[in-house]
Amino acid sequence: MTQSDPGQMLERKRGSGVKLVYDLLRDEILDLKLAPGSAVDEVQLAARFGMSRTPIREALVRLAGEGLIETLPNRSTMVSNIDFLGMPAYFDALVLMYRVTTRLAAQHHIAQDLQVIRSRQAAFTAAVEAQDALAMIATNVEFHSAIAAAGRNAYYAGFFERLLGEGRRMLRLYYQSYEDRLPPRFVEEHEEIIAAVEARDVTLADRLGKAHGEQIVEQIGRLLTRNDPSDIDL
């Protein structure tokens, strides 16, 4: 029996520590338990997790790469703010990509794509039934990413995934506006999209994608006009 390399064991241990910190902080940021603009302190995190600052720093680098935290010129670190002023341009791009990716999926999908899409829809449905907001966010992104992948345009798919990623905290506000109890019609909308894609009905797929994106935008818009963004309970 060969002994494990101590260096490899240390690297695996550090890697698991990075993942632990990354996963927990990411969930707390997406769930708005760590408010936008709040300070992130490496020393406090090291004490909280009972580990050195090295895996903490590596986890923060990953979160920064996803736009969830940022380092200021004075080298302090904070949870990234939600860009409310940039929302109109973001929403325009988001609705357009719902349309484009759904339309292309209807044109170019293959049988294996539908299998993946349906499995992602099953996961989303389970998350909605469980009223698990973080799971709803993740499975919704995975569902629409699968639709985009079926369109066979890597540029559109990549851009759409980036938009969905940037909007995860807005989705959290969206689900909060329903107290994490999404109406059944949102699951039904996904089913209608799947049916249009499977039927290769390009016009219907375009229309459903547009309507799906617009209802999300309208609901978030109602939420933001009901409350000044600075007053939203984060």
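A pocket is an open set of grid points with protein on both sides within 12 Å along at least five of seven lines, and its lining residues have an atom within 4 Å of a point. Keep in mind that this model is predicted.

**Exercise 1.** Find which element gives the most to the lining of the second largest pocket.

*Solution.* 
- Start with the pocket itself, which has a volume of about 210 Å³.
- Next, look at its 13 lining residues: R26, I137, A138, V141 and R168 are the closest to the centre.
- Then list the elements that give two or more residues to this lining: α1 (6–30), α6 and α7.
- The answer is α6, with six residues.
- To finish, sort the lining by class: five residues are nonpolar, two polar and six charged.

**Exercise 2.** Work out which element gives the most to the lining of the largest pocket.

*Solution.* 
- This pocket has a volume of about 260 Å³.
- It is lined by 16 residues, with N81, D83, E166, G167 and R169 the closest to its centre.
- At least two lining residues come from each of α4, α7 and α8.
- With three residues, α8 gives the most.

**Exercise 3.** Identify the residues that touch the most other members of the largest nonpolar core.

*Solution.* 
- The core holds 35 residues, and the ones to pick are M170, Y174, Y175 and L182.
- Among the elements, α4 gives the most to this core, with seven residues.
- Now follow M170: leaving out residues up to four places away in sequence, M170 touches I82, F84, M87, F91, I220 and L224.
- Another core lies apart from this one; it has 17 residues, including V21, L25, I29 and A59.

Key. Residues are numbered from 1 along each chain as its sequence is written. This is a predicted model: local features need pLDDT of at least 70, side-chain atom pairs count only at pLDDT 80 or more; totals for chains, interfaces and linings use all residues. Side-chain values use heavy atoms; hydrogens and water are left out. A nonpolar core is a set of buried Ala, Val, Leu, Ile, Met, Phe, Trp, Tyr and Cys residues joined through side-chain atoms within 4.5 Å. Buried means under 20% relative accessible area, exposed over 50%, partly exposed in between (1.4 Å probe, protein chains only). Helices (H or I, at least four residues) and strands (E, at least two) are DSSP runs, numbered from the N terminus. Contact means heavy atoms within 4.5 Å. On a 1 Å grid over the protein atoms alone, a cavity is a set of points where a 1.4 Å probe fits but cannot get out, and a pocket is an open set with protein on both sides within 12 Å along at least five of seven lines; lining residues have an atom within 4 Å of a point. Grid points are joined across faces, edges and corners, and a volume is the space filled by probe spheres set on the points. Ala, Val, Leu, Ile, Met, Phe, Trp, Tyr, Cys and Pro count as nonpolar, Asp, Glu, Lys and Arg as charged, and the others, Gly among them, as polar.
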